[in-house]
Amino acid sequence: MTAPTGSVGSVGSGPALLRKAGGAASSGPGGGSRRGSLPSLVSAHPLGEQLPAVFADDDFALRFVSGLDIVLAPVFTVLDCLEAYFTPALAPEDFLGWLTDWVGTELDGTEPLSLRRHAVASAVALHRVRGTRRGLSAAVELAFGVRPLITESGGATWSARPLGPFPGAPRPGLHVTLRVPDPASVDPYRLRSVVAAARPAHLPFTAEVTALPSPEGT
């Protein structure tokens, strides 16, 4: 199976991102591309072949329904390739944006295309660990490409005797530190929104972006 592309040869030639005549994708109300017709696109199910026999020699009727074929041809093409639209590795870029929202990723749409495809493909696995330390770390790393340092108030221990000290801190809390070469390149509000969405719901949190420590001797 091939990825949907920006042009169409013939029906059944593979997934396709249909464009307006002239080759340029038109923009819809939301700013994304929308699928339109092409003069050379042939309908997989011409209406003229399905008319009663009495209209077989009616030139006007055949020309009339051929105009409807132009409208329906993109619909049939998309339906024939529908599986590819829901496959993160093959989906057209504008449809991938819808998938990103539908599966609840922590992205804002400004990330590279390859990263957005990976986020959609791994969304189910991340939802399984959502609200855990592992899930929080994975969500931040997916959004920023850097594994964060996470400090939390919880803890676990064991004791051979009863009435031992409780682990962790008495005050619940969570702190996330993102260390990057250039802190100015990371939006701290974006970091806070990702942490807020992926953290355990009951924990208050703080988040910060800091510079990577300089190697010794430099």
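Close-up 1. With a relative accessibility of 1%, Ala73 counts as buried (buried means under 20% relative accessible area, exposed over 50%, and partly exposed in between, using a 1.4 Å probe and protein chains only). This is a predicted model, in which local features need pLDDT of at least 70 and side-chain atom pairs count only at pLDDT 80 or more, while totals for chains, interfaces and linings use all residues. Residues are numbered from 1 along each chain as its sequence is written, and side-chain values use heavy atoms, with hydrogens and water left out. Ala73 belongs to helix H1, residues 59-80 (helices are DSSP runs of H or I with at least four residues, strands are runs of E with at least two, and both are numbered from the N terminus). Which residues does Ala73 touch, not counting those up to four places away in sequence? They are Leu41, Val42 and Ser43, where contact means heavy atoms within 4.5 Å. Leu41 is 32 residues from Ala73 in sequence, but their C-alpha atoms are 6.7 Å apart in space.

**Close-up 2. Where H3 meets H4.** Helix H3 (residues 93-102) and helix H4 (residues 113-121) have axes that come within 10 Å and cross at roughly 40°. Axes here are lines fitted to C-alpha atoms, for helices over the stretch in contact, and angles run from 0 to 180 degrees between N-to-C directions. H3 and H4 are therefore oblique to each other; angles under 35 degrees count as roughly parallel, over 145 as roughly antiparallel, 65 to 115 as roughly perpendicular, and the rest as oblique. On the H3 side, look for Glu93, Leu96, Leu99 and Thr100; they meet Leu113, Arg116, Arg117 and Val120 of H4. Sorted by class, that contact has four nonpolar, one polar and three charged residues. For this count, Ala, Val, Leu, Ile, Met, Phe, Trp, Tyr, Cys and Pro are nonpolar, Asp, Glu, Lys and Arg are charged, and the others, Gly among them, are polar. The buried residues of H3 are Asp94, Phe95, Leu96, Leu99 and Thr100, and their cover includes helix H2 (82-85) as well as H4. After H3 comes Gly104, with a positive phi near 70°.

Close-up 3. Leaving aside residues up to four places away in sequence, Glu111 touches Arg116, Ala143 and Arg190. Phe144 lies 33 residues from Glu111 along the chain, with 8.8 Å between the two C-alpha atoms.

**Close-up 4. H6 against H7.** The axes of helix H6 (residues 133-144) and H7 come within 9 Å, crossing at roughly 150°. That makes H6 and H7 roughly antiparallel to each other, and their crossing is right-handed. H6 brings Leu136, Ala139, Val140, Ala143 and Phe144 to the contact, and H7 brings Arg190, Leu191, Val194, Val195 and Ala198. By class, the contact of H6 with H7 has nine nonpolar residues, no polar ones and one charged one.

**Close-up 5. The three-stranded sheet.** The strands line up as E1-E2-E3 in an open sheet with mixed pairing. E1 (149-152) and E3 (205-211) are the edge strands with a single partner each, so one side of each has no neighbour in the sheet. Averaged over the sheet, neighbouring strands are turned by 15° against each other, direction ignored. Two strands count as paired if DSSP finds at least two bridges between them. E1 and E2 run antiparallel and are joined by four bridges; one to look for puts Leu149 with its partner Thr177 in E2. E2 (residues 174-180) pairs with E3 in the parallel sense over seven bridges, and Leu174 stands opposite Phe205 in E3. Helix H7 (residues 188-198) packs on this sheet, touching E2 and E3, and its direction makes about 140° with that of E3. How many of the seven residues of E2 are buried? Five are, leaving E2 mostly covered.

Note on methods
A crossing is left-handed if the near helix is turned anticlockwise from the far one by less than a right angle, and right-handed if clockwise.
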